[in-house]
Amino acid sequence: MNKKSLVSLLALVSILGLTSCNKENSNTSSSSPSSSSNLVISSTSSSSSSNTSPSSSSSSSTTPVVEVENITVTTDTLSLEVGESVSFGYEVLPNNATDKSVSFSYDDKIISLDEQTLNVVGLKEGKTTIVITSTNGKSASIAVEVKEATTEVAPTAISTDFARTVIGENETLKVDVTFYPADTTLKNLNFRSSDPSCIKVDSANQTITGVAATYKSITITISSTDNTLVNPIRLSLKVTSDENEVKNDKATASLNSARKNEQYAVKSGSIKVSTKYTTTEPVTFRNDYDVYDDHIYNEITTFTGETYKEYHGMDSSRYYEVKYDKDGKVTNSSYNNLVEEGGTTFTSDIVYSDALYQSTLPAFYAHTYSSKYTYGITEYLDSAFFDTIYANYKVDVEVGDDYVYFNYTTSNYTTKTYYRLTINFDGDNYKSVVYDNSTYNYDDLDENYQPVNDQVQAVSFNRFEANVNNAARLEDTREDKVDPAKFYFKDFTLSFYKSTDTERKNPLTTFDRGDTIVYVVESSNPSQANLFIDPIYAMISSNEEVLSVSENHFALNAVGEGEAEIYFRSIFAELKVTLKVNIPAANDIVVSTLPSSMKNTDSQSIFISADPYGALEDFDVTLKEGDEKYARLVQRTSSYYVLYGMEDMDVKEKDVTIIIQSRSNPELRKEITIKIMKALSAKEIQQILIDGDYVGAINEDYYNYTVRCQFTSDYVEGKGYAGVYTIYKPNSRVFSKFDFYYTIANGKLTIVSTEPSTSYVNKLVIEIYTPDCLTLYSSFNDLTDDDGEYTVTYRLTKEVL
């Protein structure tokens, strides 16, 4: 074969092979992507196509090829639920294209596609794209979104805020119904009237229309057609042709709705309370507030002119009140634990509904003497107006389409007083409220209770003004936004002080025994963390013999020498700190107060300590040499001693000396002298008592009254020895004088009975106060007051004759 013939043959084979290949591609799928992409690519033919064989060089003509120029689809998007099927269509243009075959690509995990019927079925939630491509690369696409299949939810309950009780003839009202649960999808209702000739209903539009006036009440029953077990709503209305009656009912309904909606509808506003009493100048309280879903910012100026901000808010477990001064510094804060309605509450608890109420309504003082906040317009009106005025039959009421006005007047011989209230409504919500309770001098108001001129002023008033902005509550994006999560410590450091360092100037890590140690937060994360809300407790000491934790866990007691590690904890954070305790040297000896004398048959307790408190107490406590014959000193504890007199002492009296000396510091020494007196016999005591009168002054309710007590040796059988007790007024006249009877045994004087001459006193007591019997202790019960008896006490001293 020559070279020219070989070339012709190869060209013919190439043309035939190419034609064969194109024909095959028009009927088979193009290559698929990897299986991990779940992308399906397939091909189909929209019309038959003829393939022409290549002509030889001697062929006279060929059939022209018409290329695909465009593919159109009936929709650019498809949206369906899992299990749902939809279809679409497409067209290959031009219609006379030689090859109309196309391929499809899509994610077969999201959808399935029947390429003959073009039916699409949702398989799984997600998004994919159906791409339709011609053999020459022209394409069109359809975005497909598959959503989870929705489940129809029937209501379990229905309710309405519809507040009207009267409907006018030819008046149509819509009844809005709330479905429960919130995701209810089946919301078909049936309205039924007990008398359609008076009130007709339209279930589809949820409306009722007054037809004919009637004095009887018509019942409108609203029920769910999707769940017959749901309790129906029943409304009771009267139809009237009286326009004023309709207006009054509309105003009452608006007022009741506004009272109910205030907690949920108000976004921001202002409240101003102005007060003047007869003898004072006018003062004003103001609050400009912003409300969010679960908290409110109260920007307050008080009656005294103080300005501050208060945050009232909630999280899932607590209700908070945080007060800031004008510079943004926290000056006070508190919290209450949330409990559900009907739950057990303690002092630190608050019911959830009350917390939400206080977190969404403005707080203010209704009067200058108020000690607790009033919350919102409704609470103020209830306390200031409705409870006393609204029920009064003399009140004039004017009603408009969006307002109601109340006016009540009263007078006496010198003054005239009016109570005026205007409430403007924004639909079913408050828009503004103005209340004025003013009292004028009688001649300053005319017969219509209007000021006679511009110069007259009210002698007293209580005025209230509120303006309300009702709108959807937005997310809190304030720069000074309060975040309850930041009330809690994530981390903290502490400084420690002696409790006597009230100015907290000298932080310490080493203390003296006897110190009470307090601590303050030096730094914290976050910086807004608050001890009032997240207290830091001292929990455990590693050595209670060095540092003990106080009972309230807010202080430490230095009780011994050494070191101890203290564990502190807040709700979310903890800290360990090591502190040291020294024992200081004593610089003085402190002894409890002692009498100057004691009987040899008595004992006397003595308490000895070092100054400063907690200093080393290495004291030797002894009697002066030779005094052991007259007294005995017994140690009970390290600082507690008891001094006993010697019953067999052979002298009438003797001074004994107690010597206290530090072992470590011999110069630290103290001596105490007590006179030990030999106990007198009953006869000796009586002789001292009857040898002179005892006198004393009473300076309680008996100011400048005096007492004289006289003992005698006269003995009355069955009673004892006699005496006379006299109480004198300041002018020396006798207030009360009576006999008493006494006995003496074991060195003690006892009053056996009294025979007062008046009913002013009873229960007389006379006791020996000093061993020498020169001073007595006396008391009696006073019966002069209506509120019962009380005890009057004083001393009596022997009068020197």
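Serine 223 is buried, its relative accessible area being 18%, where buried means under 20%, exposed over 50% and partly exposed in between, with a 1.4 Å probe and protein chains only. This is a predicted model, in which local features need pLDDT of at least 70 and side-chain atom pairs count only at pLDDT 80 or more, while totals for chains, interfaces and linings use all residues. Residues are numbered from 1 along each chain as its sequence is written, and side-chain values use heavy atoms, with hydrogens and water left out.

Serine 223 belongs to strand S18 (residues 218-224); helices (H or I, at least four residues) and strands (E, at least two) are DSSP runs numbered from the N terminus. When neighbours within four places in sequence are set aside, serine 223 is in contact (heavy atoms within 4.5 Å) with Ile158, Asn188, Leu189, Asn190 and Pro232.

Strand S18 is part of an open sheet of 4 strands with the order S12-S19-S18-S15 and mixed pairing, two strands being paired if DSSP finds at least two bridges between them. Strands S12 (166-168) and S15 (189-193) stand at the edges, and because each has a single partner strand, one side of each is left without a neighbour in the sheet. From one strand to the next, the twist averages 35 degrees. S12 runs parallel to strand S19 (residues 233-240), to which 3 bridges join it, and valine 166 has lysine 238 in S19 as its bridge partner. Across S12 and S19 lies helix H2 (residues 243-265), which runs at about 135 degrees to S12; axes are lines fitted to C-alpha atoms, for helices over the stretch in contact, and angles run from 0 to 180 degrees between N-to-C directions.

S45 pairs with strand S48 (residues 653-662) in the antiparallel sense over 5 bridges, and in S48 the bridge partner of threonine 622 is isoleucine 659.

Tyrosine 537, in strand S37 (residues 537-541), counts as partly exposed because its relative accessibility is 33%.

For the chain as a whole, there are 5 helices and 57 strands, and buried residues make up 40% of the 801 residues. Among contacts between residues at least 6 apart in sequence, 53% join residues at least 24 apart.
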